[in-house]
Amino acid sequence: MAYFAVENVTKSFGSTKVLKGVSFSMEKGEVLSVIGSSGSGKTTLLRGVNFLTPPDTGRFYLEDACFYDAERDKRLSEREFRQKRLNFGLVFQSFNLFPQYNVLNNLTLAPRLAAKGASKEALAEISANALELLERVGLGDKAKNYPCELSGGQQQRVAIARALMLSPKVLCFDEPTSALDPELTGEVLRVLKDLAKENITMIVVTHEMKFAREVSDKVIFMADGIIEEEGAPEQLFDNPRSSRLRSFLASTRE
Ligand SMILES: Nc1ncnc2c1ncn2[C@@H]1O[C@H](COP(=O)(O)OP(=O)(O)O)[C@@H](O)[C@H]1O
Ligand SMILES: [Mg+2]
């Protein structure tokens, strides 16, 4: 069985069905890229996986166990959803750092809350872990800076380090570079590449086709709320079967 699997997920907003039965699975340490036109449901899928807008129907499996079944679990309390959400991380297009906290506190806030009442040693460990992660994303010297003092690329790297603080089993990215100027995109993609090498299991919604091709183990092309095509990057990019994927790829090359 797979490390993480999504089975037959649907989601509607009012009478609009945005996800029409999405299923995929991943092994531990795999990178899955999700591509597709705007409005195809990519963000809704990631928000579903992170329980921000839980699916209407469908199931998630984590390490072989049914982790979430929409029909069974839809009445879970916010607290129970929060508990489940700890297994997933989500990095948004727009960084979403807390502007009033410095970089270090942006990283330590959630783990400190989760460790309420913990010993001094445990809190020191949280800070040490944060500093280590900042080093890992190349920002060891920015711990005391505030988000407004950083470039967009640096802010996004802080957001990635923050997501790693809770050691999520699956780390999700929603177009992590699309709010960045082209010259800042590279530094963020490099961090993602490093994480991929370190066997972090990742789902990356991206319009960076070169990145998707080089780094992913598997690519999913979404169109109109379904997975229109999926496979190894070479297969999708070099031998697209569906005409919708062919025209999507042509539009990205313009
Ligand atoms: N909260 C919402 N309420 C109503 N419609 C929504 C909501 N979120 C997304 N949608 C609709 O769902 C469709 C898919 O959106 P989204 O998942 O953001 O696509 P993508 O990320 O692929 O661009 C769009 O038509 C969008 O307008
Ligand atoms: Mg989106």
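Me: Is Glu-198 buried, partly exposed or exposed in this predicted model?
Reply: Buried means under 20% relative accessible area, exposed over 50%, and partly exposed in between (1.4 Å probe, protein chains only). The relative accessible area of Glu-198 is 39%, so the residue is partly exposed.

Me: Which residue meets Glu-198 in a salt bridge?
Reply: A salt bridge places a side-chain nitrogen of Lys or Arg within 4 Å of a carboxyl oxygen of Asp or Glu. For Glu-198 the N to O distance is 2.6 Å, and the partner side chain is that of Arg-136.

Me: How many residues apart in sequence are the parts that Arg-136 and Glu-198 tie together?
Reply: Helices (H or I, at least four residues) and strands (E, at least two) are DSSP runs, numbered from the N terminus. Arg-136 lies in helix H5 (residues 120-136), whereas Glu-198 lies in the loop between helix H7 (182-197) and strand E8 (202-205), so the parts tied together are 62 residues apart.

Me: Where do Asp-238 and Arg-213 lie?
Reply: Their side chains meet in a salt bridge at 2.6 Å, N to O. The pair links distant parts of the chain, 25 residues apart: Asp-238 is in helix H9 (residues 233-238) and Arg-213 in helix H8 (residues 209-215).

Me: Is Asp-73 buried or exposed?
Reply: Asp-73 forms a salt bridge with Arg-72 at 2.9 Å, N to O. Its relative accessibility is 8%, so Asp-73 counts as buried.

Me: How many salt bridges does the rule give?
Reply: Local features need pLDDT of at least 70, and side-chain atom pairs count only at pLDDT 80 or more. Side-chain values use heavy atoms, without hydrogens and water. Lys-193, Lys-210 and Glu-214 are linked in a network of salt bridges. The count comes to 14.

How values were computed
Residues are numbered from 1 along each chain as its sequence is written. Chains are lettered from A and ligands numbered from 1 in the order in which they are written.
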